[in-house]
Structure formats: C-alpha cells, structure tokens
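Please read these points with the structure open beside you.

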Amino acid sequence: MSGGRILLRIFSHGKSHISRSFSSVQTKSKLKTNPISGARTVFNGVDSKTMFAAQNIPLPELAPGEILAKVRLASICMSDVHTITGHRIEPTPSVLGHEAVVEVIDHRRPESNLAIGDRLTFSVADCCGNCEFCLKGLNQKCVKLFKYGHAKLSDGSGYNGCYATHIILRRGTHVVKIPDVISDRCAAPINCSLATTMAAMEHVPKIKNGRAFVQGDGILGLYTSAALREHGFEKVYCSGTRLQRSKFIDRFGAIPLYNDEVLHEETNKIDVVVEVCGVASVVNDGFRMLKPGGIYLFLGMVHPHSQLNITGEQIIRKCLTIQGIHNYAPRHLDQAVQFLAKTIRRYPYEEVMGPTYDLPDLPAAMKLATGKQYSRVLVKPNMVN
C-alpha cells in the first residue's frame, strides 16, 4: 500500500449451515435445543485479492473450561486499523477484533457461576496461570500466551476474534460479568483500553495536590484522565493534535492542551506523565515537565518507530522512574469493570462512542475508524437484537 491509502475490498459470501445441540448448563430461562450456525469475517491480509471475506462455518464442540458466547457488540481498536493499513503485521488468515461485550450461550466451566444470557467482558490474553510470569502477576507475558483477535484461524477454534457472530473463550481466559448499569456501548472497550488504564494506575501513587500530564487524547487518554482525577489528582492536563483534539477532554476531568503547547509554568512541577499517543517526539517534553522523583509511564509507543532521543542524564539527575505498560493482568479487568460501574454517571462514556455498523459493513466501519473522528467505531453482528 502506498501514500497511506486504505484498500477495503468487498466481502465474498460463502454459505453453509449446521445444527448443534448445546449441553445443559445453568440458565436464566429454560434452554432449548436450537440449530445454529456461526458467521465470521476473515482478514486475509492487505495484499490479498479479497482483504475481508465472510464465512459461515460449523461451531466446534467446546473443550473443558471453554465458553461459547455470541458477540453482542465489538469496537474497533486502533491496533486493528494499523493491521489493515499495513503498519502492523498479524498472522493471516485471521478474525480480527479483541474488544467486545459478549453473551454466554454455553460453557464447560461447571465450577463457575456463569449462566446463559450473562453479559461478559473477557481478558484479551489467555494464559496458563502457572508459569514464571503468571505467578508474578504478569499474565499478559505468559509463556503460553494466546491473544484474541491476533491469532491465525488454524490456532484453536477458528472463532478467535470479535468480528464474528460468536467467539469461543479458552480455559485460561478471565471473564467478568457486566453490571446492568453499563450499556453494551460502554462495555465493548473495557477489555482493552480501560483495563490497560487500570494496569497503568497500579504504578501511580496517591499524591496530595498531585499534577499529571496525559500525552494523547484518544480513548486511552480520556480514560486515563478520568482515572487520575478519581485517584485524587488536583490537576490533570491532556494534549491532542490541533486538527483533531478531542472535544471531550474537559468532560473527562482534564485541562485541554494542543500537543505543541509549551507549559513553561509547569516545568519541573508535574508528578506523573502518561504517554498514550504513540509518538516518540513528545517524550522530551514530558521529561522537561516532570519534577525530581517523578514517574513517566509509557503505554502508546508499542511499535518499532519509537526510537527516543534522550540521555541517561535526563533520567538520572531528576531521579525519575520510567515504567512500560503493555496490556494487563486479570485483576485489572476486574478493576476496570468496577471503575466503570462506579463512575458511569460522572463521565460521558456513551457519547465518545461513534456509530455502529453491521458485521457485513466491517470495511466501511474500518474506513471510518482510520479517520480517528470517533474514540471508537462499533460493530454489531446481525444476529444480535
């Protein structure tokens, strides 16, 4: 692909149908045996003749510990945009999409309290729970790591991503029930941006009269601004570009800045800087603003074009702490749901979400998402009411 153009090709439709009887599990209403088929949108790669293809294929039988869920609503993360524009390489063919709220249809977790009809969010990473990293609380670095929406079709069930009518959640996947107070629109991005925000906040101390600077005003920046305010920070700045700075910054508790504004009055006065924009050039500005003993959290620069022009002296003389945050552990997903339920009426979570597209219109949804006009563009499978 050249000149930054996005090639979104038309779906090619295949047809097949199956009947499947589900095992009896705890239900909120009487479970009936119904014929069912699953549909998925397969990503074949940016250079393929058909980038996206719609497929109907059988749903496999569940293995012990697995959950079969229908995808109620998915949201498009910028990592998926980077994939379909060729800036991120993922195995193909695959089903993209890792952000979603899902509904339990069947499960093989007899020891759980899951019921048919439960709305769930789920950990993006499936982990073993027993390796060195899992035992240290870094489950997202498990030696047997599997990530939804980033796996080849042949790796597991074939229903590994959220741009499908169904998803099969693996045995080591942490799930959390969604309280009724949280709508599907607000719930869809919980298991990516909001849970990652909670992982970052684990490294932020409570500081009296604290001051923070969030570099980036996408959904991660807005969530982080709200979380810092809820953490007790007196003043939180949040920066965005001049062309597309979010109109929601102040409503998420932060003071809006343009990314090229220089806050001379805050030099050496900021306690915590959080980078969520993915742009390496902002880092020196963050170092300038941090006070001695300050904390710098890196979340957004998860790509190879992130070389930093800094010196050791900048870090050492100010006694700074630099912490990288990548994904999250199961405890952070619990915290994310609790945080959203607690603050659902304080911040405009619903309003920052963009329009909803049906699953066959995924190419159009992706095209809109690339423009970054909305914090999230949503995708709804046709089978869900």
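1. In this predicted model, glutamate 351 and arginine 251 form a salt bridge, with their closest N and O atoms 2.7 Å apart. Glutamate 351 sits in the loop between H8 and strand S16 (353-358), and arginine 251 in the loop between S11 and strand S12 (255-258), so the bridge ties together parts that are 100 residues apart in sequence. Glutamate 351 is partly exposed, at 45% relative accessible area, and arginine 251 is partly exposed too, at 39%.

2. Aspartate 271 and lysine 291 also meet through their side chains in a salt bridge, at 3.1 Å from N to O. Aspartate 271 belongs to strand S13 and lysine 291 to strand S14, so this pair ties together parts that are 20 residues apart in sequence. Lysine 291, at 28%, counts as partly exposed.

3. Arginine 317 and glutamate 313 form a salt bridge as well, with closest N and O atoms 2.6 Å apart. Arginine 317 is exposed, at 66% relative accessibility, whereas glutamate 313 is partly exposed, at 46%.

4. The structure holds 16 salt bridges. A network of them links Lys70, Arg72, Glu103, Arg119 and Asp184.

5. The largest nonpolar core has 51 residues, and Leu299 is among those with the most contacts inside it. Domain 1 (37-192 + 329-379) and domain 2 (204-324) each supply at least three residues to this core. Apart from it lies another core of 45 residues, including Leu59 and Phe146.

Note on methods: Residues are numbered from 1 along each chain as its sequence is written. This is a predicted model: local features need pLDDT of at least 70, side-chain atom pairs count only at pLDDT 80 or more; totals for chains, interfaces and linings use all residues. Side-chain values use heavy atoms; hydrogens and water are left out. A nonpolar core is a set of buried Ala, Val, Leu, Ile, Met, Phe, Trp, Tyr and Cys residues joined through side-chain atoms within 4.5 Å. Buried means under 20% relative accessible area, exposed over 50%, partly exposed in between (1.4 Å probe, protein chains only). Domain bounds come from an automatic or database domain assignment. A salt bridge is a side-chain nitrogen of Lys or Arg within 4 Å of a carboxyl oxygen of Asp or Glu. Helices (H or I, at least four residues) and strands (E, at least two) are DSSP runs, numbered from the N terminus.
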